[in-house]
Amino acid sequence: KVFQAVVSCIGGDGTIYIIPKSFETALNKLMAEIQNTFKGLGLLIPYCWKKGEACVVRGSDTVWYRAKIVEVSGSTLQVQYIDRGYRESIPQCHLYPTTFYTGIPPFCIPCQLYKTLPIGNFWQQDAVDYLQELLKNEEVEIHVEELPDNPWGKLSISLYFGGMSLSSFMAYQKYCVAEDCQDIQKLGVFEGDLLPSYRLQPLPFPGETFPVTVTHLVSPKEVYICLDSPGNVTKRSATERAAGRDSESLNKALKWCNKIVKTLPHLTNFKKELPCLAEYVDGLWYRAKLLSITQLVPVQILVQFVDYGTYLVAPTSRLRHIPCHLLKYPVQAVRVLLAGFKPASDDKNVERIPYSPEWSLKALWTMVDCVEGKRLSASILTLSPEVTISLYGDDKNLVHLKLIEMGLAELDE
């Protein structure tokens, strides 16, 4: 069985406590009922607590939770929150004994990684801390491998985050040995002889009109677009639906990669077009490819962010190996040429685009104003030798008409 779950906590022994997404509605309903039943402080009169006894606990967030007594030690009790998994030592005045809700099974499930042996036969504290930092409150994919021998035992699972196996990742980090570690190569940390490459984005058929976002402009005529998801799902083509799913999955995978990026090695191979992860000016890491070495001392590399089309010159410290599972998502940005116009022959503006001097800078900034933050649509005219499109604004008019009105471009039949 495969399902989505949220990791509620990591136990001190490495137990992974998960709450299946399908349980969330029932858990929220129970929590609301508990808050309505118990108000104010805990039990203030003396009470003889027993190990294993059911209770409710008023947490540090002033919310009441179901719990059970794990250990009795004077005026302080160790409890386990049965719907979250974590343990805490707490004064008696924050507890209340109850037999309410004991007939409802715990909503969190204790799990262990299938066929995964921690170094030293138990999870070391640094490994537990790392698991907690990586997984707590995150949504993951659970593959049930083996049921426990008794109902209160641990479920044996394979856990995947952002398309990556947790067992393989922890084995790569030398925290454990994974018996079934066939996807360790997918971490993309081993240099092979074959040059990996990104998949191209499938495009709609010529003549179809589809929503797009312009992510980068090279010149008024050469831009990068991303396929958008239209608001009305029933009107989406198969290509648009697939692109929407890919984009959502890619964003989740990149979010995870940003959490583990410090564990990925720096690049040592600087072949042109090599896929990599690169750090942008916002401090986040994105998919990129190498274009050229622009400076040798210190080394500076020109990269392009393949899901946006933008460029950056970066030092090697801001480039890392890309996990191979990130290569399965098609590049989100597509380079296209806009049809129907060309540079104005009588454009008197002296400030030109250095790498495309046939266009004035004013024409470029005018086109930026026409497309930035706008709801655009496109229709493909040709796929080769270049992808050529007609680009329409949210008023359904061709975006380049503004440039023609201002004398910055002219019609090109």
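On a 1 Å grid over the protein atoms alone, a pocket is an open set of points where a 1.4 Å probe fits, with protein on both sides within 12 Å along at least five of seven lines, and its lining residues have an atom within 4 Å of a point. Keep that in mind as we walk through this predicted model, where local features need pLDDT of at least 70, side-chain atom pairs count only at pLDDT 80 or more, and totals for chains, interfaces and linings use all residues. Residues are numbered from 1 along each chain as its sequence is written, and side-chain values use heavy atoms, with hydrogens and water left out.

**The largest pocket**

The largest pocket is lined by 34 residues, and those nearest its centre are Lys68, Pro106, Cys108, Pro110 and Trp152. Its volume is about 840 Å³, a volume being the space filled by probe spheres set on the grid points, which are joined across faces, edges and corners. The elements giving two or more residues to this lining are β3 (54-58), β4 (64-73), β5 (76-81) and β8 (109-113). Strands like these are DSSP runs of E with at least two residues, while helices are runs of H or I with at least four, and both are numbered from the N terminus.

What kinds of residue line the largest pocket, by class? There are 21 nonpolar, eight polar and five charged ones. Here Ala, Val, Leu, Ile, Met, Phe, Trp, Tyr, Cys and Pro count as nonpolar, Asp, Glu, Lys and Arg as charged, and the others, Gly among them, as polar.

**Salt bridges**

Side chains of opposite charge can pair when their charged atoms come close. The rule used here for a salt bridge is a side-chain nitrogen of Lys or Arg within 4 Å of a carboxyl oxygen of Asp or Glu, and by this rule the count comes to 13. Here are some of them:

| Pair | N to O distance |
|---|---|
| Glu139 and Lys21 | 3.6 Å |
| Arg66 and Asp83 | 2.8 Å |
| Lys342 and Glu410 | 3.9 Å |

Take Arg66 and Asp83, whose side chains meet in a salt bridge. Arg66 lies in strand β4 and Asp83 in the loop between β5 and β6 (87-91), so their pairing ties together parts 17 residues apart in sequence. Are these two buried or exposed? Arg66 is buried at 5% relative accessible area, and Asp83 is buried too at 3%; buried means under 20%, exposed over 50%, and partly exposed in between, using a 1.4 Å probe and protein chains only.

Next come Glu139 and Lys21, a pair that links distant parts of the chain, 118 residues apart. Glu139 sits in strand β10 (residues 139-146), and Lys21 in the loop between β2 (16-20) and α1 (24-37). Glu139 is partly exposed at 31%, and so is Lys21 at 33%. Glu24 joins in as well, as Lys21, Glu24 and Glu139 are linked in a network of salt bridges.

Lys342 is partly exposed at 33%, and Glu410 is partly exposed at 25%.

**A look at Thr388**

Thr388 lies in strand β26 (residues 388-392) and is buried, with a relative accessible area of 16%. Leaving out residues up to four places away in sequence, Thr388 touches Leu337, Ala339, Ser379, Ile380, Leu381 and Thr382, where contact means heavy atoms within 4.5 Å.
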